[in-house]
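Please look over the model that follows before reading on.

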Amino acid sequence: MSIVTISRGSYSRGKEVAEKLARALNYECISREIILEASEHFNIPELKLVRAIHDAPTILDRFTSGKERFVAFFRAALLTHLQRDNVVFHGLAGHFFLQRISHVLKIRISGDLEDRVREEMKREDISADEARMVLVNDDAERRKWGMQLFGQDTWNPLLYDMVLHIGNMSVDDAVSIILHALDQPCFKSTGNSRRRLDDAALAARVEAALVKEFPKVMADAGNGEVFVSVRGSLVDENIITAKVKRLAEKVDGIQSLQVNIVPFVVED
């Protein structure tokens, strides 16, 4: 049992790799479903959320605590879904949230630019120069999106266990290589790795429950014990603690909850 996340650019054939891999493994293959789940919590129409994902630095800032809310809801939806195991996820930022989960194989798929240009020309009925400009701008936006929302460059190879270039290598070759990697013991789920994912998912759900009222909330969890840090005035410590516990009580899986108040810093 394991999980595969595939990060990809537009027209890089990463979606095709993900779908063929899922069929070969008889795994669930998901991508847009997580956006739909997150959009329900984010309380904006799906089309607006999809647009916000692409243009995060400009559009998300129009919403109150837009960046924090989007990240919290998306992470909670994704990690909770991945608790099912045996999943191939392709698309948004899965690798950002799963660095410490050993049974997750994190892959980056890249494609030859000229191959991508030809695909863009065919699909959009535009010239080669127009297609190349679209793709170059799209790649730049995706990198800016990762930096703006997560503080990391999606092209950083250290985020992945494997980077595959679809060019001389075919989609079927890539699938075969990934299947071989999944046979290695290091990518098999263990009791410890599943607990890490369960803890991460619980912490994410707690943050999602609190982020509207406490945009800078940070939560950590271990075996049902949850530690929450929120910003506020120490004068109101009892009021804030009671509010945090009231908002978090609807989250399943909490055995105990500790609240830490981080005082506001007043700048001159």
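At roughly what angle do the axes of helix α7 and helix α8 cross? The axes of α7 (residues 113–124) and α8 (residues 128–150) cross at roughly 115 degrees and come within 8 Å. Axes here are lines fitted to C-alpha atoms, for helices over the stretch in contact, with angles running from 0 to 180 degrees between N-to-C directions. Helices (H or I, at least four residues) and strands (E, at least two) are DSSP runs, numbered from the N terminus.

This is a predicted model, in which local features need pLDDT of at least 70 and side-chain atom pairs count only at pLDDT 80 or more, while totals for chains, interfaces and linings use all residues. Residues are numbered from 1 along each chain as its sequence is written, and side-chain values use heavy atoms, with hydrogens and water left out.

The angle between the two helices makes α7 roughly perpendicular to α8; angles from 65 to 115 degrees count as such, those under 35 as roughly parallel, those over 145 as roughly antiparallel and the rest as oblique. The crossing of α7 and α8 is right-handed, that is, the near helix is turned clockwise from the far one by less than a right angle. On the α7 side the contact (heavy atoms within 4.5 Å) is made by L113, E114, R116, V117, E120 and M121. The α8 side supplies A128, A131, R132, V134, L135 and D139. By class, the residues of this contact are seven nonpolar, no polar and five charged, where Ala, Val, Leu, Ile, Met, Phe, Trp, Tyr, Cys and Pro count as nonpolar, Asp, Glu, Lys and Arg as charged, and the others, Gly among them, as polar.

Within helix α8, A131 is worth a separate look. A131 counts as buried because its relative accessibility is 0%; buried means under 20% relative accessible area, exposed over 50% and partly exposed in between (1.4 Å probe, protein chains only). V117 is 14 residues from A131 in sequence, and their C-alpha atoms are 5.5 Å apart. Leaving aside neighbours within four places in sequence, A131 is in contact with V117, E120, M121 and I126.

Which residues touch the most other members of the largest nonpolar core? They are L82, F97, V228, V230 and V244, in a core of 51 residues. A nonpolar core is a set of buried Ala, Val, Leu, Ile, Met, Phe, Trp, Tyr and Cys residues joined through side-chain atoms within 4.5 Å. Helix α5 (residues 66–82) gives the most to this core, with ten residues. Beyond four places in sequence, L82 touches I3, I30, V87, F89, L98 and L197. A second, separate core has 21 residues, including V17, V88, I107 and A181.

K106, in strand β4 (residues 104–111), is buried, with a relative accessible area of 5%. Not counting residues up to four places away in sequence, K106 touches T5, H95, L98, Q99, I101, L159, Y160, D161 and M162.

N86 is in the loop between α5 and β3 (87–90), and is partly exposed at 27% relative accessibility. N223 lies between β6 (218–222) and β7 (225–232), and counts as exposed at 62%.

Overall, the protein has eleven helices and eight strands, and buried residues make up 46% of its 268 residues.
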